[in-house]
Amino acid sequence: MSLRRIRAVARKEIHHIFRDRSTLFLVLFTPTLLLLLMAYALTVDLQDIPIAVLDLDRSEASRRFAAQITAGNDLTLYAQVESPAEIEALLVRGEIKAALIIHPNFSADLLALRGIPLQIIIDGTEPESGGFAVQHVGRRAEAFVTESLAGQLQAAGVPPEALQAVDLRVRTWYNPSLKPRNDLIPGLLSMILGFPALSVALTLAHEREHGTMEQLMATPIGRWELLLGKMVPYILVGLINTIVIPLLAMAWFRIPFNGSFPLFFGLSAIFLFAILSMGIIIGVFMRTQAAALALSFLLIFFPGFFLTGIFFPIAAMPEIVRLESLFLPGTHYAIITRGIFLPGIGLDVLWPYAVMLFFLGLVFTGVAALFFRKKLA
Amino acid sequence: MQRPIIQTAGLTRVFKNTRAVDSLDLAIQPGALFGLIGPDGAGKTTTLRLLAGLLDITAGSAEVAGFDLGKQPEAAKARIGYMAQQFSLYGELSVQENLRFFSDLYGVPSAQQAGRSERLLRFAGLDGFKDRRAAHLSGGMQKKLALACTLIHQPQILLLDEPTTGVDPVSRREFWNILTDLHLEGTTILVSTPYMDEADRCSQVGLMYSGRLVVCDTPQAIRERIEGEIVALHPQDWQAARRLVAGLPGVSEVQTYGETLLLIVDSARLRLPQIENALQQEGLVYQSARQAPPRMEEAFISLIRRMESEKTPHPEAG
């Protein structure tokens, strides 16, 4: 293997990336664009969830309570209803996502410090907003109790927690502000930063389409030299994005970054190696850029989106899919990005995922080199 | 005679159902300027690709620069300069960067690299365009740069697949002057071409037809292979004249060049007066009718027509 040849291919590729505007855009700016687009399109930072309130108590306290629940911009009072039947109708028509029922003995129980009898009905077809409504009502109810009954509680010697309106028991580790973005965006990085894989798949097909591949094959260059030379520049350019994208996530989306940046950078490099090897495999097998593009989406991006646990928990997938997800670099990298961003986990926990990524990279590159022949047909 | 630098024995390449190259026996001496001609689809490109080590050999063998292509293709590649028909340079790289890229791939010693590219650029008339991107060169200049790139490692053998197709006549002439210089320096050149004037500049010419090498000789000998002699006729009404002379005895073929007719006859001395007679009888006016020396073009067309007429009665043989 000649370092000089690898360097020659890499240098040529860097020139190509920076001088060809469409490649530059694809490699350097698409990740930023994707982050903005996906973060806004996909985050479930819910606001103004329409709810209905059925106040069976009709007391001064219950009215105050209902008003406070819908005071913020999280929940909106869509309708004050008179019967459970009305709630059902509104839910079925999708006009409300949740309904709050204040029981008849609300104020009596409250004043007697017996707890707060509340019922929340949520639209099961939209668990995201429903769950959010439940959590929100819980927090508001707690605040309401603490504020309005502070005197009585203190006199009776009862801690406010004892009256907890909604026994949530939802443990929101790492994300106390309940912002799904904080969890989603670090996960999304595993897709976004893998984007150069597409370019590397395209560049091999591009050389075939333009006839430069024929010229390369006529030289004594080795297949490892060619494939590594192709991969290195995209790893380097990809690393630029592993700096830009987290900064963007922190500055624009206010995502806390609690881990070690050098660790993030180093593990991202290994991830890039693994995901680019997938791109190389596609480039080796596909003759045209159109085919390489289609296969990249089929093999890299769709599975990266659906099977790596960014949106859907892997544990809930059938066994065969769980097995497949193990072979997707994104699966391991999503754990790494999520782990480093919010909880600030270190290499002591993350090393198996890093090892797995490196292993996948080696396997994929090996397969690519095995099947890459310096022949035209 | 020296040992051939390119030698094939029964070289065959089959694509699905077509035998693109069929039992090709080729022997090219070191220092030859060998022109490969033949109609489209005859197998010229496949032959060159096989010799460049770019295709698997279906049957037979090929030896280039002393290396068996089936066993040591990479060793042979280091001694070959190959230029594909659609040679494509890296358009985003400058002239100099393209040269440097190929000199790195071929492992040209760094100490010699600068000197060689200087010389090649001067040789190719590109020394004023060093920093221009390849994509911004004219078609002719791109071909010359491509040639320079294939020459950077000073190959013993040059394989050029229709290097001047689509290039204007002036650039074509310049390109061939470069090839002639290389020929003088002793480089073995195998070049395929659709242009018969280029075939005429080669030291040896091979005519391919249906994947086979049907004729292989000097241009002079190929020209003389034409059976019969040529009569050049400049009639006033060439269409009527063509219909008339095509049916005359002893005329085996009529080729049309603009409004000039070239007749291939068994004997010019015998047939020329008969042809003139026939024209006068029909009242067809003509400016001149005389015997002409055979050219490569007529020889080529005549050879191909003969091949085709031999093939048609036996379609199952094809």
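Modeller: Two residues are said to be in contact if their C-beta atoms, placed from the backbone, lie within 7 Å. The model is a predicted one. By that criterion, the contact between the chains takes 22 residues from chain A and 22 residues from chain B. On the side of chain A that touches chain B, helix H1 (3-19) and helix H10 (212-217) of chain A each supply at least two residues. The largest share, seven residues, comes from H1(A). By class, this side of chain A has seven nonpolar, eight polar and seven charged residues.

The chain behind that surface may be described next. Chain A contains 16 helices and four strands. Of its 377 residues, 39% are buried. Among the contacts in chain A with a separation of 6 or more, 78% are between residues 24 or more positions apart.

The four strands form an open sheet of mixed pairing, in the order S2-S1-S3-S4 (chain A). Strand S2 (75-81) and strand S4 (118-122) of chain A stand at the edges; each has a single partner strand, so one side of each is left without a neighbour in the sheet. On average, neighbouring strands of this sheet are turned by 25° against each other, direction ignored. Strand S3 (residues 98-102) of chain A runs antiparallel to S4(A), and five bridges join the two. Within this pair, A:Ala98 stands opposite A:Ile122 in S4(A). Helix H4 (residues 84-92) of chain A lies across strand S1 (49-55), S2, S3 and S4 of chain A, and it runs at about 170° to S1(A).

B:Ser23 is found in strand S2 (residues 18-28) of chain B. Its phi is near 45°, a positive value in a residue other than glycine. B:Ser23 has 15 other C-beta atoms within 10 Å; because a residue is buried at 20 or more and exposed at 12 or fewer, B:Ser23 is partly exposed. B:Ala65 lies in the loop between strand S4 (59-64) and strand S5 (67-68) of chain B. B:Ala65 has a positive phi of about 55°, although it is not a glycine. With 19 other C-beta atoms within 10 Å, B:Ala65 is likewise partly exposed.

Note on methods. Residues are numbered from 1 along each chain as its sequence is written. Chains are lettered from A and ligands numbered from 1 in the order in which they are written. This is a predicted model: local features need pLDDT of at least 70, side-chain atom pairs count only at pLDDT 80 or more; totals for chains, interfaces and linings use all residues. Two strands pair if DSSP finds at least two bridges between them. Axes are lines fitted to C-alpha atoms, for helices over the stretch in contact, and angles run from 0 to 180 degrees between N-to-C directions. Ala, Val, Leu, Ile, Met, Phe, Trp, Tyr, Cys and Pro count as nonpolar, Asp, Glu, Lys and Arg as charged, and the others, Gly among them, as polar.
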